[in-house]
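Please look over the sequence and structure below before reading the briefing. The notes are grouped by topic.

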Amino acid sequence: MSEESIISLKNVNKWFGDFHVLQDVNLEVKKKERIVVCGPSGSGKSTMIRCINRLEEHQEGSIIVDGIELTGNLKNIDNVRKEVGMVFQQFNLFPHLSVKENITLAPIWVKKMPKAEAEELAMRQLEIVKIPEQANKYPGQLSGGQQQRVAIARSLAMNPNIMLFDEPTSALDPEMIKEVLDVMVDLANGGMTMIVVTHEMGFAKTVADRMVFMDEGKIVEEASPDKFFNNPESDRTKLFLSQILHQ
Amino acid sequence: MNEKIESRKPPVATTGIIGWLRINLFFNWTNSLITIFVIYCLYQFVPWILDWTVFSADFKYNYLGQQITNQEMCSRNLDPKNGGACWAVIYVRFYQFIYGFYPREEVWRVNISYVMLAIALLPLLITKLPYRKIFLNFTYIFPIIAYFLLNGGFGLPDISTNKWGGLLVTLVLGCTGIALAFPIGVLLALGRRSNLPVISMMCVLFIEFIRGVPLITLLFFGMVMLPLFLPEGIDMDGLVRVLVAVTLFQSAYMAEVIRGGLQAIPTGQYEAARSLGMSYWRMNFQIILPQAIRISIPPIVNTSIGLFKDTTLVIIVGLLDLLGIGRGTLADTNWLGLSYEIYFFVSLVFFIFTFGMSRYSLYLEKKLKTGINMGAD
């Protein structure tokens, strides 16, 4: 099993000061697998996926992404980041660049792609997220949903093997959530390896291969969506689900 | 339904000149009172200043038609009734004000440098300039050309910098100080925020030391102490020593201004750049600095204007900038007592340059704002 894993977390521990955010976290993700991570706020789910592309450093244990172990070695970190795309809750588009420039920036400077080729690539990615007509606007002129789709296109332009989503719809108005989720469903159907931190349970039921429930820095339950929603083992999961599904 | 509606008076004008006057100058009675008071002050002051500076002033000849060569020949000294400004002092000493004691047969070199400076500024001022890239390349190599042109070399006779003076020194100090301090300031600001303790400590020490010391002290330091640090036999030019001091001073201030801009950039911008695999320098030059500098434009221009005016302090270490030449002229028995004219002229020249800078900053802010909502994240 471990051989085919593209991401492997073993006994990962992390502290923020005295606060033990990740406690002996173990997670194996296979190629093309779609994982949905949920849990109450402060449970360490964002921290965990941020460790996978080293936006946060873990202090104990090992994280291996696509055969590369994440250590202090800067070259390894850069290589992992080229493999792993990330989409943030707050979109984090570059406000001084147009939509097209946002997308072409990394291919041009990190992958040394010729400008014309990068622009073609950017337009293809914008087609995928269904907003090619916004290419020359600035992020501040777009709605939240459109911005988040640009952010997805920007990550995809680096042709990553793995996509991490950190609560991608939490900062969106309700009517914009669907347009972003639709893009993510398309992506999942296309065979992308994905780890998604989200509370969109409808999305989880349709695309997830596996649900991961975290609480207080630990992975409490790992199960198929069917088992997770209908027959969860732990009481903590039951409580969480009853709260979140009865909104 | 068929009732006749009485015709009404037209509404009070809110547009046109009358409307503008009503809204801005005579909105209510306090507003009207202030307007009348200001008009009265302008009525008293403007004719007087125009009369003094232009209508009753001597430019080259006095009221008897003689060419003025010293202060005794000024109209107001011959007959107090004809009292206007005596601009002849500026006319006679104009060369010194603009070039200092630069030899007259070599002055074309300064003139060409002035023209080249104007050309070098063009691509910065006009973004839609045709062939802007070529002009920009010229802007980058301009300082090197200007250095050899003004100082000598490549067959041109050497002109020692102690012959330089007036506007030439003011511009050399101001432009070089501002242009060199900016990149150094950027590096210091980045260094201060660096995760590497040695680098950030060094930057903090440098910035705090330079900022904690008056510019005059640094000028003395440059003049007196800098040569002690140099290997024996190497004599550093006086102007260069002052330039080093001015640049160090300005770069510390610039660093703090830019650090302020850097702190306003949300961490999400760093994370997004990192997650795309960008290196530290790439991230800073493509993502962070363009945004940070954009928000820092007003304070950057503010400190630059401050430095441009502070260059007058070099008089303390014996360099004669524009103000220095003015003071030198005042000490000349031929031109005793013409301090109004001289200080007015010096102020006017400084005002033209600093006002230009402040307008440029407004233009930049306006241009960079278009289409970008920096608040949206």
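This is a predicted model: local features need pLDDT of at least 70, side-chain atom pairs count only at pLDDT 80 or more; totals for chains, interfaces and linings use all residues.

Residues are numbered from 1 along each chain as its sequence is written, chains are lettered from A and ligands numbered from 1 in the order in which they are written, and side-chain values use heavy atoms, with hydrogens and water left out.

**The open sheet of chain A**

- Chain A holds an open sheet of 6 strands with mixed pairing, in the order β6-β7-β8-β3-β9-β10, where strands (E, at least two residues) and helices (H or I, at least four) are DSSP runs numbered from the N terminus and two strands pair if DSSP finds at least two bridges between them.
- The edge strands, each pairing on one side only, are β6 and β10 (218–223) of chain A, and the twist averages 20 degrees from one strand to the next, with axes fitted to C-alpha atoms (for helices over the stretch in contact) and angles running from 0 to 180 degrees between N-to-C directions.
- Strand β9 (residues 210–215) of chain A pairs with β10(A) in the antiparallel sense over 5 bridges, and Asp215(A) stands opposite Lys218(A) in β10(A).
- Helix α1 (residues 45–52) of chain A packs on the sheet and touches β3 (34–38), β6, β7 (162–166), β8 (193–197), β9 and β10 of chain A, its direction making about 150 degrees with that of β7(A); contact here means heavy atoms within 4.5 Å.
- Helix α2(A) also packs on the sheet, where it touches β6 and β7 of chain A, and its direction makes about 65 degrees with that of β6(A).

**Other strand pairing in chain A**

- Strand β1 (residues 5–16) of chain A runs antiparallel to strand β4 (residues 60–65) of chain A, joined by 5 bridges, and Asn13(A) has Glu60(A) in β4(A) as its bridge partner.
- Strand β4(A) pairs in the antiparallel sense with strand β5 (residues 68–69) of chain A over 2 bridges, with Glu69(A) in β5(A) as the bridge partner of Ile64(A).
- The hairpin formed by β4(A) and β5(A) has 2 residues between the strands, and Asp66(A) in the turn has a positive phi of about 50 degrees.

**Pocket and cavity**

- The second largest pocket holds about 1,100 Å³ of space, and of its 27 lining residues the closest to its centre are Asn195(B), Tyr270(B), Arg274(B), Tyr280(B) and Met283(B). On a 1 Å grid over the protein atoms alone, a pocket is an open set of points with protein on both sides within 12 Å along at least five of seven lines, a cavity is a set where a 1.4 Å probe fits but cannot get out, and lining residues have an atom within 4 Å of a point.
- The largest share of that pocket's lining, 5 residues, comes from α2(A).
- The count comes to 1 cavity of 30 Å³ or more, and the largest cavity has a volume of about 40 Å³, a volume being the space filled by probe spheres set on grid points joined across faces, edges and corners.
- Residues of both chains line the largest cavity, including Arg81(A), Met158(A), Ser275(B) and Leu276(B), and β6(A) gives the largest share of the lining, 3 residues.

**Domains of chain B**

- The domain assignment, which is automatic or from a database, gives domain 1 (1–55) and domain 2 (165–370) in chain B, and 44 Å separate their centres, taken over C-alpha atoms.
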